[in-house]
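Please keep the sequence and the model open while reading.

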Amino acid sequence: MERVPVLKIGDILLVSIQIDMEDQVALQLQEDLADRIVTTGCHGVIIDISALDIVDSFVGRTLATIASVSRVLDAETVVVGMRPAVAITLVELGLSLPGIRTALNVELGIEMLALSRPHLDVEFDDDEDEADSAAVLAP
Amino acid sequence: MVKSARCGQVVWLGEAAVALSPDESGRFSDLLKEHADGLVARWAELVGAGLQGRMSRPELERQTRDLQKGFQQALAAGARDLKDEEAAELRAQLSELSSHRARQGFSANETAISVFALKDAVLDVLGDTDDINTLRAFVSFSAFIDRAALFTFDSYVRVRESLIADQTEQLLELSTPVVKLWDGVVAVPLVGTLDSARAQVVMERLLQTLVDTGSPYAIIDITGVPAVDTQVAQHILKTVVAARLMGADCIISGIRPQIAQTIVALGIEFGDIATKASLADALRYVLGQKSYKVVAAKRTER
Amino acid sequence: MSEESRQVPVASDQDVVRVRQLVRTVSVEAKLSLVDQTKLVTAASELARNTLVYGGGGYVEVSRVRNEIRAGIRIVFADQGPGIVDLDLALTDGYTTGGGLGLGLSGARRLVDEFVIETAPGEGTTITVTKWCR
């Protein structure tokens, strides 16, 4: 059986799903992630689904479970890179993935984690001096 | 007289009645060549009367001369019918003419007359004649012109149809622009009635733009939408939910008082979706978001 | 009238993946729009899983179809399982007997253009869905 690799980057576990997962593979990922959160002590999980051309209710439920389990283990989960067609289909399917935080791409996902946990070990510069007009104007 | 001659020929020659005989092709080719200048002048005059000065005289004469040459060469090559191999160039010329006329906004009638007028011009050249053979030949020639005019009409319609199809597509594109409003903020100003097809296009384009630009905020401005019914609201809501699933926030702006009234009256729930009165309010709201400042600051580093 | 049809047995997890891949291939061949492809493959995934989990396995048949106006794709999901006792209830959002989200049947129905279900207790279940090209 194939396995989805879990990478550790700083305080974040990064999972990029590149294959059409069998249900068993999804369940295995759920287990692997819980184990890795505990062994690494990471506080953030990013799951990149930009390579998935569909997300059905099973995968959706697995993602929701991963998010809930991580939260119990004191880690925040962000699902990133959902394709527009997948999002439209999920809305039609009636799956709103409650309890899952999402971001457009890995980078924004990392920012989201940094924002919710300012002590996270990721490079992050909010120096206002270098900010462009957008940031300066922002009240 | 001419009409009865034609009827007689149909019975006598059967299908061949619609085609010129090789002899006739040659005769008219010679005639077109011999009287070229007079024909072109008369022909251009007839066409010009219908166009009422919307095309300059020199241009019209140039076109007519080209067309006259086309007819003459086709006939000289031995074309007996418009669908003959020898008339291929003439056909190309005719469709060129109709596409030109269609694009310049001339009517189908005016375009067809450009070809039909050749008949009158030729008849003038023939002058008064009692010769039955000449009349017969003219009838065949006239049928040839008829088919040329029909062909022109047909290509005219085809060009117009493709123009309409293009315009419909352009309109759809025009009416659904997704613009970058600020770093990390895109906006869709919706103008006009939202039907299901358009709503789908808007939805897909907006979501794709969010991915392409990595913008976590989208403002859907409905100032230009005349009315909101349950279906339109449904489409907007679905877009917002889909964007949220992808990790982007949508703000709806430009809700006019009467639309707010309808929304409430219809019992449409916008839930926790941010709604603002104007696009400016929506932008101010986005820029005030905590996560926005982070995004903006991050962006400027690059 | 069907032009060609392809069948996949559904007896394991891998078969559900195979069904998805087949439906995806056929959707691309039939030139369905990207969103419609995604909807159809998602619906097929839901229904094939139902065939496996609730029907105890069966088969899926995918065929290209054509009516007077449009071309489309028809997929049949058949099993010899226990059948569905209360169809209305089974088609309700959120109802489940298998511990899922209860969106399989009702959700899949919203993703396709035509949805026909034939079932009786003890007689198995056959679901036929059709998606037409726009």
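## Cavities and contacts

The second largest cavity has a lining made up of B:Trp43, B:Val47, B:Leu60, B:Gln63, B:Thr64, B:Leu67, B:Leu97, B:Arg101 and B:Ser114. The model is a predicted one. Three helices of chain B, namely H3 (36-51), H4 (57-76) and H5 (88-103), each contribute at least two residues to the lining of this second largest cavity. H4(B) gives the largest share of that lining, with 4 residues. By class, the lining of the second largest cavity consists of 5 nonpolar, 3 polar and 1 charged residues.

In total, the structure has 3 cavities of 30 Å³ or more. The largest cavity is lined by residues of chain B: B:Leu190, B:Leu194, B:Ala199, B:Val202, B:Met203, B:Ile220, B:His235, B:Ile236 and B:Thr239. Helix H8 (196-213) and helix H9 (230-246) of chain B are the elements that provide two or more residues of the lining of the largest cavity.

The next topic is the interface of chain A and chain C. Here 20 residues of chain A touch 23 residues of chain C. The two chains bury about 2000 Å² between them, and 56% of this area is on carbon and sulfur atoms. Of the area that chain A buries against chain C, 28% comes from A:Asp20, A:Ile54 and A:Leu93, more than from any other three residues.

The rule finds 10 residue pairs in polar contact between chain A and chain C, both residues being at pLDDT 80 or more. On the chain A side that touches chain C, helix H1 (23-40), helix H2 (57-72) and helix H3 (84-93) of chain A are the elements giving two or more residues. H3(A) has the largest share of that side, 6 residues. Sorted by class, the side of chain A that touches chain C holds 9 nonpolar, 4 polar and 7 charged residues.

Side chains of opposite charge can pair when their charged atoms come close. Between chain A and chain C there are 7 salt bridges by the rule. In one salt bridge, C:Arg24 pairs with A:Asp20, with 3.7 Å between the closest N and O atoms. A:Asp20 is also among the three residues that supply 28% of the area chain A buries against chain C.

Over all chains, the count of salt bridges by this rule is 29. Within chain B, B:Glu110 forms a salt bridge with B:Arg54, and the closest N and O atoms are 2.4 Å apart. This pair joins distant parts of the chain, 56 residues apart: B:Glu110 lies in helix H6 (residues 108-126) of chain B, and B:Arg54 lies in the loop between H3 and H4 of chain B.

Methods. Residues numbered from 1 in each chain as written. Chains lettered and ligands numbered in written order. Predicted model: local features only at pLDDT ≥ 70, side-chain atom pairs only at ≥ 80, totals over all residues. Heavy atoms only, no water. 1 Å grid on protein atoms, 1.4 Å probe; cavity = no way out; pocket = protein on both sides within 12 Å on 5 of 7 lines; lining within 4 Å. Points joined across faces, edges and corners; volume = space filled by probe spheres on them. Nonpolar A, V, L, I, M, F, W, Y, C, P; charged D, E, K, R; others polar. Contact = heavy atoms within 4.5 Å. Buried area = accessible area lost by both parts, 1.4 Å probe. Salt bridge = Lys/Arg side-chain N within 4 Å of Asp/Glu carboxyl O. Polar contact = N/O pair within 3.5 Å; in protein donor to acceptor, adjacent residues only side chain to side chain.
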